[in-house]
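What follows is a walk through one protein model, taken feature by feature. Please keep the sequence and the coordinates at hand while reading.

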Amino acid sequence: LKPPAVPGMNPGHTSSAVMTLQGPADDYPMSGTLTLPVTATPTLGGVHQGSNVLASAITQTLTLVVPPVLGAEGQDYAPFDVMVGEETEVPLSLNNTGNNMTSYSLVMMNTLPANWVASFSNTSLMPSTTLLSVPADVADYPSDALVHMRNFSTYVTTDPDAPANSIEYLQIQVLDLASGAVVTQLDIPIRVGEKVNALVHPTSQMVNLSVGDSITTSVVVSNIGNTPATFNLWLDDSNRGELTFQLETPGVIQIGAGYDETVRIRMTPSSEALAATVYSATLWVSNADSGLNLSADIIGNISEEHGIILDTPLSLGVIPGTTQEVNFTLTNNGNLVEDIILETTVAENWTVTSAYVPLNLGVDEAYSDTFSVAVPPLGGDEDLLNGEIYPVTMRILNATTDEVLKIHTFDFIVNPLFMVEVDEWPTTMEYHRGTQRTWDVMVTNTGNADVTVNVSYSL
């Protein structure tokens with residue numbers, strides 16, 4: 001208040017005074033009504049005092065109205081790193097830079113790209129929220145306490161395909177809750193983090209091949225992350241057995257985000273590879289930085305190759321009315337254990353002993369045995385002529401399916417059999433002196449071949 005005193009005022013004289021109100025030097029004054037009483041008290045001299053003059057003070061009340069000023073600001077935001085495709089909490093704060101306790105309404109603007117989701121809640125979609133009764137910074141002036149700062153969080157989920165290190169801005173409009181007036185806008189930079197991820201396809205496959213083949217199969221590695229990545233490849237072929245697995249793709253591959261790379265593996269069986277045996281390898285795909293480790297199984301299925309060999313004479317001579325024995329050897333030169341039936345028949349249904357023999361033959365195993373055939377005698381329903389051929393058929397059947405695996409044939413050739421019968425030969429012939437007798441004899445060839453007979457006699 002200047003001046004603090006006005007000396008020598010005469011009756012009827014007017015003098016002015018100025019009152020200065022100084023608020024905080026670096027901020028708004030608190031809003032509200034300030035009431036200041038101003039009192040003027042006369043100072044009496046000795047004459048007045050001796051004359052019993054009374055000095056009465058006069059008080060005038062001054063009312064100062066400080067209007068409310070709305071203000072708010074966020075911190076100086078550096079980009080917030082969020083994991084691609086995953087909900088990430090983004091912690092924020094709002095400072096009341098006005099001069100009045102204020103409640104704020106926060107509303108997210110629709111500024112993020114498609115397939116992005118932002119919310120003030122991690123349990124539901126909440127695009128708006130409120131901050132109630134936030135004190136002004138000057139409320140506790142000159143204290144440095146942070147009562148004027150209010151913390152809150154947003155939860156951001158990016159598009160799963162958002163490129164790494166790209167930056168998008170989440171805009172939040174700040175409004176005065178009471179009036180709806182826009183106070184400020186927060187621009188929050190969101191930076192998409194790098195995510196290394198991949199898929200392999202197929203994760204398991206069976207490749208059919210035969211001995212003598214050399215086949216290339218493939219596994220596709222897909223980079224489903226959002227950043228280019230380097231992947232290491234290696235084959236675990238500890239269960240390869242008689243099948244060689246060779247990686248034809250370099251052991252290190254670089255795949256861009258959203259792209260595929262085909263890994264090729266060559267498979268070559270050895271001559272000893274067997275059917276119904278598991279030969280396998282595992283392709284491993286890894287990324288050292290992320291710890292990603294994927295695998296794909298490759299199983300080689302060796303085709304069945306039946307290599308059964310049956311060894312018998314090419315032909316055998318047989319004599320009617322006898323039993324003929326036949327030696328044979330059966331060898332499994334295939335690539336699988338065989339459960340088989342050996343079935344033997346002879347033309348015209350000759351009787352065969354051991355005509356139906358079940359066997360189990362391992363790979364490279366041989367089996368030798370004998371079967372016998374009853375050759376019919378002469379004089380029956382068959383001529384059994386010399387040189388006549390009777391085929392012998394030996395069939396090898398799968399014991400489970402009756403599939404015919406092999407048919408082997410050879411021939412029985414009927415040998416010549418010479419038999420001559422003489423009929424009507426009298427055992428006794430009676431004579432009288434001077435008589436003559438004649439022997440009428442029937443000579444019959446009962447063999448199976450033509451024969452020249454020399455007839456002689458003696459007395």
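This is a predicted model: local features need pLDDT of at least 70, side-chain atom pairs count only at pLDDT 80 or more; totals for chains, interfaces and linings use all residues.

Glu-248 counts as partly exposed, since its relative accessibility is 39%. The side chain of Glu-248 meets that of Arg-266 in a salt bridge, at 2.6 Å from N to O. Glu-248 sits in the loop between strand 16 (243-247) and strand 17 (252-255), while Arg-266 belongs to strand 18 (residues 260-269), so the pair ties together parts that are 18 residues apart in sequence. Arg-266 is partly exposed, its relative accessible area being 26%.

The structure holds 5 salt bridges. Another of them joins Arg-191 and Asp-81, whose side chains meet at 2.5 Å, N to O. This pair links distant parts of the chain: Arg-191 is in strand 11 (residues 182-192) and Asp-81 in strand 4 (residues 80-82), 110 residues apart. Arg-191 has 27% relative accessibility and therefore counts as partly exposed. A further salt bridge is formed by Asp-237 and Arg-240, with 3.7 Å between the closest N and O atoms. Asp-237 is partly exposed at a relative accessible area of 24%, and Arg-240 is partly exposed at 38%.

The backbone has some points to note. Lys-2 and Pro-3 are joined by a cis peptide bond, with omega at about -10 degrees; Pro-3 is in the segment before strand 1. A cis peptide bond also runs from His-201 to Pro-202, where omega is near -5 degrees. Pro-202 has its place in the loop between strand 12 (198-201) and strand 13 (204-209).

Loops also hold residues with a positive phi. Asn-165 is not a glycine, yet its phi is positive, about 70 degrees. Asn-165 is found between strand 9 (149-157) and strand 10 (167-176), in the loop, and with a relative accessible area of 46% it is partly exposed. Asp-364, not a glycine either, has a positive phi of about 65 degrees. The loop between strand 26 (356-361) and strand 27 (366-374) is the place of Asp-364. Exposed means over 50% relative accessible area, and Asp-364, at 54%, is exposed.

Rolling a probe the size of a water molecule over the atoms shows where empty space is left. The largest pocket has a volume of about 920 Å³. Its lining consists of 27 residues, and those closest to the centre are Val-6, Met-9, Thr-39, Ala-40 and Thr-41. Strand 1 (32-40) and strand 2 (58-66) each supply at least two residues of this lining, and strand 2 gives the largest share, 4 residues. By class, the lining of the largest pocket has 18 nonpolar residues, 9 polar ones and no charged ones.

The second largest pocket has a volume of about 340 Å³. Its lining includes Val-422, Trp-425, Trp-439, Val-441, Val-443, Val-453 and Val-455. In this lining 9 residues are nonpolar, 2 are polar and none is charged.

Which residues form a nonpolar patch on the surface? They are Phe-418, Val-420, Val-422, Trp-425, Tyr-431, Trp-439, Val-441, Val-443, Val-451, Val-453 and Val-455, and together they have about 1,000 Å² of accessible area. Val-441 belongs to this patch and also lines the second largest pocket. Val-441 lies in the loop between strand 30 (420-423) and strand 31 (442-445), and it counts as partly exposed because its relative accessibility is 31%.

Conventions. Residues are numbered from 1 along each chain as its sequence is written. Side-chain values use heavy atoms; hydrogens and water are left out. Patches are made of residues with over 30% relative accessible area and no salt bridge: like charges are joined within 9 Å, nonpolar side chains (Val, Leu, Ile, Met, Phe, Trp, Tyr) within 5 Å. Accessible areas come from the Shrake-Rupley method with a 1.4 Å probe; for residues, only the protein chains shown count as cover. A salt bridge is a side-chain nitrogen of Lys or Arg within 4 Å of a carboxyl oxygen of Asp or Glu. Buried means under 20% relative accessible area, exposed over 50%, partly exposed in between (1.4 Å probe, protein chains only). On a 1 Å grid over the protein atoms alone, a cavity is a set of points where a 1.4 Å probe fits but cannot get out, and a pocket is an open set with protein on both sides within 12 Å along at least five of seven lines; lining residues have an atom within 4 Å of a point. Grid points are joined across faces, edges and corners, and a volume is the space filled by probe spheres set on the points. Ala, Val, Leu, Ile, Met, Phe, Trp, Tyr, Cys and Pro count as nonpolar, Asp, Glu, Lys and Arg as charged, and the others, Gly among them, as polar.
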